[in-house]
Amino acid sequence: MSEGTMQLRAQRDQRDPQAKRAKRLTRVLVGAAAVPVMLVAAGCSSDSGSEDGKDKAAEESAASTSASPSPTVKAAAYGKLPEPCSVVTKKTLDDLVPKGDSGKEGSSNDTATRASCSWDSLDDNGVKGSQFRWLSVSMLRFESDVTRGEGEKLAHDYYLKQLKDAQAAEGAKGLKTAPVSRTGNEASVVRYDLKKKEGTFKQQTVVARVENVVVTLDFNGAGLAGDKTPDADDLVKDAQKAAKEAVAAVMKANDTSAGGKPSGTPQGSGSSSKPASETSSKSPSKSPSKSS
């Protein structure tokens, strides 16, 4: 081997290790650079899937909400009450409370929901005594409400409560309860005697429901200062007659035959009217005042 050939080979042997090391270093750097790129790509793919999942869940929730209808309830049939002191005709008042004063309207902050009126009379017969009479009519109207139910159902429940209260009168003697026909949707009369120092009072309470309105009529009479006790059957007939007139007045006040519509409207979850206050009727055992 010539000297020149040997020198070239030695130079090539010196370059080869350097070239090999350079190639290996290049491959390492290229591989290291590829790893972050893959991680970044994977990260972007993961984030994108998460956001898509949230959006899809939100869309499904919105679709479910829009598909659920707002709760509603059947509108109440009657939207107002008549003037309370005019629900009984003048002729009937002359029969039930003769020589009585004009009606006394009860206080109410909403006469379209709650109203009442009362009358009393003392027919003085001198040494023969006197006859006392007291009449009271109260009306309570119920609106339909999505949380409480239909006005008619609420009125029915109150009708039963009023009957129960009348039957639980303290000191009642000879209590009887009977249905009353042709007076609203349902009606009953509770009758009994109450003995007081002034005399024996004959008490009649007629409770009637017409649609979403409850009418409670109290009528009692007594013979005072030695006068005879009034006939209970006559008083019951008078009370039933007055109750029929009061129910008819409620129906007339809400008459739709002229093309009008009852003012009661369905109440949804976003608009519920304040329910009527469930107050009991006046005391059925009112006695004549000292002034009388």
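**Figure 1. The salt bridge of Asp 233 and Arg 191 in the predicted model.** In this predicted model, Asp 233 forms a salt bridge with Arg 191, and the closest N and O atoms of the pair are 2.8 Å apart. Because Asp 233 lies in helix H4 (residues 232-253) and Arg 191 in strand S5 (residues 186-196), the pair ties together parts that are 42 residues apart in sequence. Asp 233 counts as partly exposed, at 42% relative accessibility, and Arg 191 likewise counts as partly exposed, at 22% relative accessibility. At the start of H4, Asp 233 also takes part in a second contact, in which a side-chain oxygen of Asp 231 reaches to within 3.1 Å of the backbone nitrogen of Asp 233.

**Figure 2. Helix H4 and the elements that cover its buried residues.** The 22 residues of H4 should span 32 Å at 1.5 Å a residue, and the end C-alpha atoms of the helix are 32 Å apart, which agrees with that expectation. Which residues of H4 are buried? They are Ala 232, Leu 235, Val 236, Ala 239, Ala 242, Ala 243, Glu 245, Ala 246, Val 247, Ala 249 and Val 250. The cover over the buried residues of H4 includes H2, S3 and S5, together with strand S6 (199-210) and strand S7 (213-224). An α-helix has 3.6 residues a turn, so residues three or four places apart point the same way.

Figure 3. Side chains of opposite charge can pair when their charged atoms come close. Lys 161 forms a salt bridge with Asp 165, with 3.1 Å between the closest N and O atoms, and because these residues are four apart in helix H3, Lys 161 and Asp 165 are separated by about one helical turn. Lys 161 counts as partly exposed at 30% relative accessibility, and Asp 165 is partly exposed as well, with a relative accessible area of 34%. A salt bridge also brings together the side chains of Arg 141 and Glu 143, at 3.1 Å from N to O, and here both Arg 141 and Glu 143 are buried. Elsewhere, Glu 152, Glu 186 and Arg 209 are linked in a network of salt bridges.

Figure 4. S3 is mostly covered, with twelve of its twelve residues buried. Both faces of the strand are covered, for Ser 130, Phe 132, Trp 134, Ser 136, Ser 138 and Leu 140 are buried on one side, and Gln 131, Arg 133, Leu 135, Val 137, Met 139 and Arg 141 are buried on the other. S3 pairs with S2 in the antiparallel sense over eleven bridges, and in this pairing Met 139 of S3 is the bridge partner of Ala 115. The hairpin of S2 and S3 has five residues between the strands, and in the hairpin Gly 126 takes a positive phi near 65 degrees. S3 and S7 also run antiparallel and are joined by twelve bridges, with Trp 134 standing opposite Asn 220 in S7.

**Figure 5. The disulfide of Cys 85 and Cys 117.** A search of the whole structure finds one disulfide, which joins Cys 85 to Cys 117 with an S to S distance of 2.0 Å. The link of Cys 85 and Cys 117 is right-handed, with 95 degrees about the S-S bond. Because Cys 85 lies in the loop between helix H1 (3-67) and helix H2 (90-96) whereas Cys 117 lies in strand S2 (residues 114-124), the pair ties together parts that are 32 residues apart in sequence. Cys 117 is buried, with a relative accessible area of 0%.

Figure 6. Ser 144 is found in the loop between strand S3 (130-141) and helix H3 (151-167). Is Ser 144 buried or exposed? Ser 144 counts as buried, because its relative accessibility is 1% and buried means under 20%. The side chain of Ser 144 reaches the backbone oxygen of Lys 74 at 2.6 Å, and the side chain of Ser 144 also reaches the backbone nitrogen of Gly 151 at 3.0 Å.

Terms used. Residues numbered from 1 in each chain as written. Predicted model: local features only at pLDDT ≥ 70, side-chain atom pairs only at ≥ 80, totals over all residues. Heavy atoms only, no water. Disulfide = S-S within 2.5 Å. Helix = DSSP H or I, 4+ residues; strand = E, 2+ residues; numbered from the N terminus. Buried < 20%, exposed > 50% of the residue type's maximum accessible area, 1.4 Å probe, protein only. Polar contact = N/O pair within 3.5 Å; in protein donor to acceptor, adjacent residues only side chain to side chain. Salt bridge = Lys/Arg side-chain N within 4 Å of Asp/Glu carboxyl O. Expected span 1.5 Å × (residues − 1). Contact = heavy atoms within 4.5 Å. Pairing = 2+ DSSP bridges.
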